[in-house]
Amino acid sequence: MRNKLLFSIFVFFFISIFIALGSWQLVRLDWKNELLNKIDVSLKKEPVDLMTNVPEDYLKIKTSGVIDFDKQIYLYSLNEKGAPGFNVVNPIIINNKNFLLNRGWIPFDKKNTKEIDIFDHKTILGTLRKQSKANRFKPVNDINDNYWFTLDRDDIFQYTNKNFSPFVIYLNNNLELPKPKIITVNISNSHKKYAITWFSLALSIFLFYLYVRKNTY
């Protein structure tokens, strides 16, 4: 009798854990849906003046500034078709504030060519993205060869001797070279799937418990 009681406690303990995990995923699902909706609304708005608005993720902006082409960064990247090349990233001074401007993708053979630097810096349309932490599994940046894999802030300071805003400006201007990256809502949202998994585990254990109880009690 004691073993049966312990078995029941053990089973319902894990059922409770799985139900709690599934419920937590539903809470996360609501939060993620609100976030995705906020981002979607932000991307559909007209650009606002960067200097008169508080910077935030996915904010569409318009501005102008002085671009530093001498400290241009070539960041390894794949284009939308999966072809390897570089994202061209420039320091830019806007109202005495330092930002990084991601102007878009170029193939390898366009590195250090003059044609990629033809750009009207007086009319900048872009989308702000908060800079994420450097991926520790990517190769180390080759600063001397100007061949970058991450926008590591320490490396950028070493290269430019400047500190920058945590928000990177992704250019939206209609250009072919460099080809600006189209910013979309690309945040994964698997909380519904996780919730179903946890609830399914709880149900499976409960059905197994009923089966065992019917055949052994």
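Student: Is Arg 103 buried or exposed, and what is its relative accessible area?

Tutor: This is a predicted model, in which local features need pLDDT of at least 70, side-chain atom pairs count only at pLDDT 80 or more, and totals for chains, interfaces and linings use all residues. Residues are numbered from 1 along each chain as its sequence is written, and side-chain values use heavy atoms, with hydrogens and water left out. Buried means under 20% relative accessible area, exposed over 50%, and partly exposed in between (1.4 Å probe, protein chains only). Arg 103 is therefore buried, with a value of 1%.

Student: Which residue forms a salt bridge with Arg 103?

Tutor: A salt bridge here is a side-chain nitrogen of Lys or Arg within 4 Å of a carboxyl oxygen of Asp or Glu. The partner of Arg 103 sits at 3.1 Å, N to O. Arg 103 is in strand S6 (residues 97-107) and the partner is in the loop between S6 and S7, 14 residues apart; strands (E, at least two residues) and helices (H or I, at least four) are DSSP runs numbered from the N terminus. At 23% relative accessible area the partner is partly exposed, and its name is Asp 117.

Student: How many residues apart in sequence are the parts that Arg 129 and Asp 57 tie together?

Tutor: Arg 129 and Asp 57 form a salt bridge, with their closest N and O atoms 3.0 Å apart. Asp 57 is partly exposed at 31%. Arg 129 lies in strand S7 (residues 124-130) and Asp 57 in the loop between strand S1 (48-49) and strand S2 (60-63), so the parts joined are 72 residues apart.

Student: Which residue meets Lys 179 in a salt bridge?

Tutor: The model has five salt bridges by this rule. In the one with Lys 179, the N to O distance is 3.5 Å.

Student: Which backbone atoms lie by the side chain of Asn 173, and at what distances?

Tutor: Asn 173 is in the loop between strand S8 (167-171) and helix H3 (191-216), and at 15% relative accessibility it counts as buried. Its contacts (heavy atoms within 4.5 Å), leaving aside neighbours within four places in sequence, are Phe 119, Thr 123, Ile 124, Leu 125 and Pro 180. A polar atom of the Asn 173 side chain lies 2.8 Å from the backbone oxygen of Thr 123, and a polar atom of that side chain lies 2.9 Å from the backbone nitrogen of Leu 125.

Student: Which residues of the largest nonpolar core touch the most other members?

Tutor: A nonpolar core is a set of buried Ala, Val, Leu, Ile, Met, Phe, Trp, Tyr and Cys residues joined through side-chain atoms within 4.5 Å. The largest has 16 residues, and the elements giving two or more of them are helix H1 (2-44), strand S4 (73-78), helix H2 (153-160) and S8. A second, separate core of 14 residues includes Leu 50, Ile 61, Ile 67 and Ile 169. In the largest core, the residues asked for are Ile 73, Leu 100, Trp 148, Leu 151 and Ile 156.

Student: What is the phi of Asn 146?

Tutor: Asn 146 lies in the loop between S7 and H2. Asn 146 is buried, with a relative accessible area of 10%. Although Asn 146 is not a glycine, its phi is positive, at about 55°.

Student: What is the phi of Asn 161?

Tutor: Asn 161 is in the loop between H2 and S8 and counts as exposed at 59% relative accessibility. Asn 161 is not a glycine, yet its phi is positive, at about 60°.

Notes. A polar contact is a pair of N or O atoms within 3.5 Å; within protein, one must be able to donate a hydrogen and the other to accept it, and residues adjacent in sequence count only if both atoms are side-chain atoms.
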